[in-house]
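Student: I'd like to go through the pockets and then the salt bridges of this model with you. Can we put it up first?

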Amino acid sequence: MPVSLIHYADSESGERLSVVPESSLLLSSADAGWKGIIVEQFRLPPMEPRENLLPDHLLTLHLSPSNTLEWKSGKQYRSRSMAAGDVCLVPAGVPRDLRWHEAADVLAIAIDPHLVANVARETVHADRIELVESHGGLDLQVQYLGLALKAELESGSLGGPLFAESLATALAVHLLRRYNAFPEPILDGIGALSRPKLRRVIDYIDAHLHRNLTLAEMAAVAQISPYYFSRQFKQATGASPYDYVLRRRIERARTLLRSGRFSVGEVAQQLGFSDQSHFTRHFKRLTGQTPRAFLQETAR
């Protein structure tokens, strides 16, 4: 059974407790190695949690057809009928007292406040962040990114930490755009990486295809923030950092397989894929054939 990483501090005792019963957890990023973000899917029974404080910003995407959510506002409870696709946000450190009377399927996304603060400094040059609590309503961007993260977990984290890190950064930017009490225009940073910076990054990628690269380390090579790096790298190459790294790995795999000196399993290991099956799925998706079929074709 997966173990939940999303916890809260009891507002009276300070005790660290699970947000919901562990038995309701269906899916978790606990073993995915993601930084700055936790993604978990729950099938929640009817509950009346105690008031608590969360250390992370918590987004919940409702997956059930309908249920009624109640939350404490002052001394009274307010309610809203929630439909599939509705989103709630409880910022870190805000007292949270929710209850619901029907079973509900939800996707919970906990985002580290430090990630949001770093993105804020990079994109709006502001230290003043106050996210506003929200209960219900469609948010198509959260829905799109949340379901992409869920699909990534269901695939066995095929994209690796780099893919999740990119989506986490996109979520942080969206929170600042839509839920910040002190909104500031996001600085787009349009423009491609300079040729010297792009060359340094590409050389770094090629030298480290054997392990999971992160957005932060590639941005550090270019000496710019991760947010601007993603945009400027895509402007320069036509591909996101994640897609570019994956394609370079598959290109290197074709070269290694063509040499005839390595098995499919050895190539998968050399290029940092979690296992041969993981490697085969990516190879077939990008080339239209399995590594074994490619080997047989080159041997003719």
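Student: How do the residues of the lining of the second largest pocket divide into nonpolar, polar and charged?

Tutor: Bearing in mind that this is a predicted model, the lining of the second largest pocket divides into seven nonpolar, six polar and four charged residues.

Student: And what volume does the second largest pocket have?

Tutor: Its volume comes to about 340 Å³, and 17 residues line it, with Lys 35, Leu 115, Glu 165, Ala 216 and Pro 226 lying nearest its centre.

Student: Which helix gives the largest share of that second pocket's lining?

Tutor: That is H1, which contributes five residues; helix H1 (113–123), H3 and H6 each supply at least two residues of this lining.

Student: OK, now the largest pocket. What's its volume?

Tutor: The largest pocket has a volume of about 680 Å³. There are 20 residues lining the largest pocket, and those closest to its centre are Ser 166, Leu 167, Ala 170, Ser 230 and Ser 240.

Student: Which helices each supply at least two residues there?

Tutor: For the largest pocket these are helix H2 (140–154), helix H3 (160–178), helix H6 (226–237) and helix H7 (241–259), and the largest share of the lining, eight residues, comes from H3.

Student: How many of the residues lining the largest pocket are nonpolar, polar and charged?

Tutor: The lining of the largest pocket has 10 nonpolar residues, six polar ones and four charged ones. As for the domains, at least three residues of this lining come from each of domain 1 (8–179) and domain 2 (195–299).

Student: Switching topic: how many salt bridges does a search of the whole structure find?

Tutor: The search finds seven salt bridges. One of them is formed by the side chains of Asp 139 and Arg 178, at 3.6 Å from N to O, and this pair links distant parts of the chain, since Asp 139 sits in the loop between strand S12 (134–138) and H2 while Arg 178 is in helix H3, 39 residues apart.

Student: Is Asp 139 buried or exposed?

Tutor: Asp 139 is buried, because its relative accessible area is 1%, and buried means under 20%. Arg 178, in contrast, counts as partly exposed at 46% relative accessibility.

Student: What about Glu 154 and Lys 150, what separation do their N and O atoms have?

Tutor: The side chains of Glu 154 and Lys 150 meet in a salt bridge at 2.8 Å, N to O. Both residues lie in helix H2, four residues apart, which is about one turn of the helix. Glu 154 is partly exposed, with a relative accessible area of 49%, whereas Lys 150 is buried at 16%.

Student: And which residue does Arg 248 form a salt bridge with?

Tutor: Arg 248 pairs with Glu 251, the closest N and O atoms being 2.4 Å apart, and both lie in helix H7, three residues apart, about one turn of the helix. Salt bridges that share partners join Asp 206, Arg 248 and Glu 251 into one network.

Student: Are Arg 248 and Glu 251 buried or partly exposed?

Tutor: Arg 248 counts as buried at 18% relative accessibility, while Glu 251, at 40%, counts as partly exposed.

Terms used
Residues numbered from 1 in each chain as written. Predicted model: local features only at pLDDT ≥ 70, side-chain atom pairs only at ≥ 80, totals over all residues. Heavy atoms only, no water. 1 Å grid on protein atoms, 1.4 Å probe; cavity = no way out; pocket = protein on both sides within 12 Å on 5 of 7 lines; lining within 4 Å. Points joined across faces, edges and corners; volume = space filled by probe spheres on them. Nonpolar A, V, L, I, M, F, W, Y, C, P; charged D, E, K, R; others polar. Domains from an automatic or database assignment. Salt bridge = Lys/Arg side-chain N within 4 Å of Asp/Glu carboxyl O. Buried < 20%, exposed > 50% of the residue type's maximum accessible area, 1.4 Å probe, protein only.
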